[in-house]
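Let's take a look at this protein together. Keep the picture open while you read.

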Amino acid sequence: MREEVLSAAARKNVFLSPEALEMVLSNSHPIDFINTVLTKLSENSMFVTKKDVMDAIAGDTVIYAPQKTIKVQNSHKLDISVVPGTDVTGDSTCEGKIEDFANYFRNRYYTLRKIIEKRKDFGSAMPIEKAMRMDRETKIIGIIYEKKDTKNGHVILKVEDETTMCSVFISKDSPLIGETFINDEVIGIAGKPTSNKELYIANEIYHPDVPSSNKWVPSDSSASVAFLSDVHIGSYTFLENNWKKMIAWLKANSTEKEIDYIVFPGDVVDGIGVFPGQEEELTVDNIYDQYSMLSEYLKDIPDHIQMVIHPGNHDAVRLAEPQPALPEIFRKSFDSNIMMVGNPITLNIEGRTVLSYHGKGIDDWIAGVRELTYEDPLKVMKNMMIRRHLAPMYGQRNALAPEKKDYLIIDRVPDIFVSGHVHGAGTMEYKGIRMINASSWQSQTEYQKMHNFNPDPGIMPIVGLGTGKTTMMNFMK
Ligand SMILES: [Fe+2]
Ligand SMILES: [Fe+2]
């Protein structure tokens, strides 16, 4: 175990002091522990003391949850769990009271602030109230309340922390003028107040983002995870023939290729009453029948595959995110190798952190940010990762429930990040993270036709858990 801990550290160019090593080895899950510590250390840490370990885990409740465990895998033994604290199911406290909103935003602010303060180029922030009294450059962290373009082409951001709100000024001549700012995102700013203390002149902007040292660390796992998003059972545009081709391929290949896990990132059925006139597009107009039909389709998937289903906006749970798992009444007909979880969800699959989010929030990103489009959902996902938040914009089309904590924050950097909803298919790598938009099993809908949107259905993305190799298996041919 000692060697495994030391080599995990060595892979990240980190050397542990004897006390630090002792502390790690005394934990009941030393490998999980050291991997978590390694992700929390600032980028330039090389010699790590016991105090560094304690600082790295300070205030972190999910610290002992496994992450990036590198171990020898047995392909016949499944290893999948929900990362504690990432599933709202059974844990919703939201009553919509004023204090719920205050707590929700406080949680968002402090969690993202902690991430920004871990950037090696940032350090720690000064309360805005104090920074506005200083005559020198300082750093602050705030949540963006609003962004205004002045008639002269400058930008003013109203930015708030727990002490006060200030107006951050970005001159039209500043290199920061082209930056994208999102309402309710948390950013760090380096700058200085004007002499009359009315404005804070921004010199640099810091997003929480992912450390540039983040990378995919290969493991011995030979298993793979596949994704089947937006199945939309019950719709007449469900691509039954292509689905059957995919099932036949799984039956023939999944054992040999060790495809042991399939995640369904939401919209598993078409639902009812989701949009006006939907009745005309349904072959099954009863929600119970849609789910039992899905459970029948899933019985064809080979038994050795563990499946995970979370809802999307077409499913029969509350629309507001985070969404809890499907209620018991719809789960009854599903086999025991299917886990029902909330949306979004962070899973640990053979040591890999897998973040799955249906992606309803993508609508707001595209509506609110000029350079984002439905044709390029991966660019939206990259923006989510830079801001470490799946859906920062509050009070837009995508409803957010003010839970006691903000489940839409990307608290831990995933190895794999998947979303659906827009029915596109694509993959890209961002700082080692395998990012995937996971297609659909529905051909172009009337709504998509009206908006001139061409989906990429019938594609199953597969990611090797050891190598990170991503394949988009196309069943439309
Ligand atoms: Fe969908
Ligand atoms: Fe959707």
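Pro-218 sits in the loop that runs between β8 (199-206) and β9 (224-227); strands here are DSSP runs (E, at least two residues), and helices are runs of H or I with at least four residues, numbered from the N terminus. Along the chain, Pro-218 and Gly-466 are 248 residues apart, yet their C-alpha atoms are separated by 5.3 Å.

This is a predicted model, where local features need pLDDT of at least 70, side-chain atom pairs count only at pLDDT 80 or more, and totals for chains, interfaces and linings use all residues. Residues are numbered from 1 along each chain as its sequence is written, chains are lettered from A and ligands numbered from 1 in the order in which they are written, and side-chain values use heavy atoms, leaving out hydrogens and water.

How open to the outside are a few residues? Buried means under 20% relative accessible area, exposed over 50%, and partly exposed in between (1.4 Å probe, protein chains only).

| Residue | Relative accessible area | Class |
|---|---|---|
| Pro-218 | 56% | exposed |
| Glu-279 | 54% | exposed |
| Phe-15 | 44% | partly exposed |

Glu-279 also belongs to a loop, the one between β10 (259-265) and α8 (287-299). Phe-15, on the other hand, lies in strand β1 (residues 15-16).

Now zoom out. The chain is divided into domain 1 (2-64), domain 2 (128-206) and domain 3 (224-474), with bounds from an automatic or database domain assignment. Between the C-alpha centres of domain 1 and domain 3 there are 34 Å.
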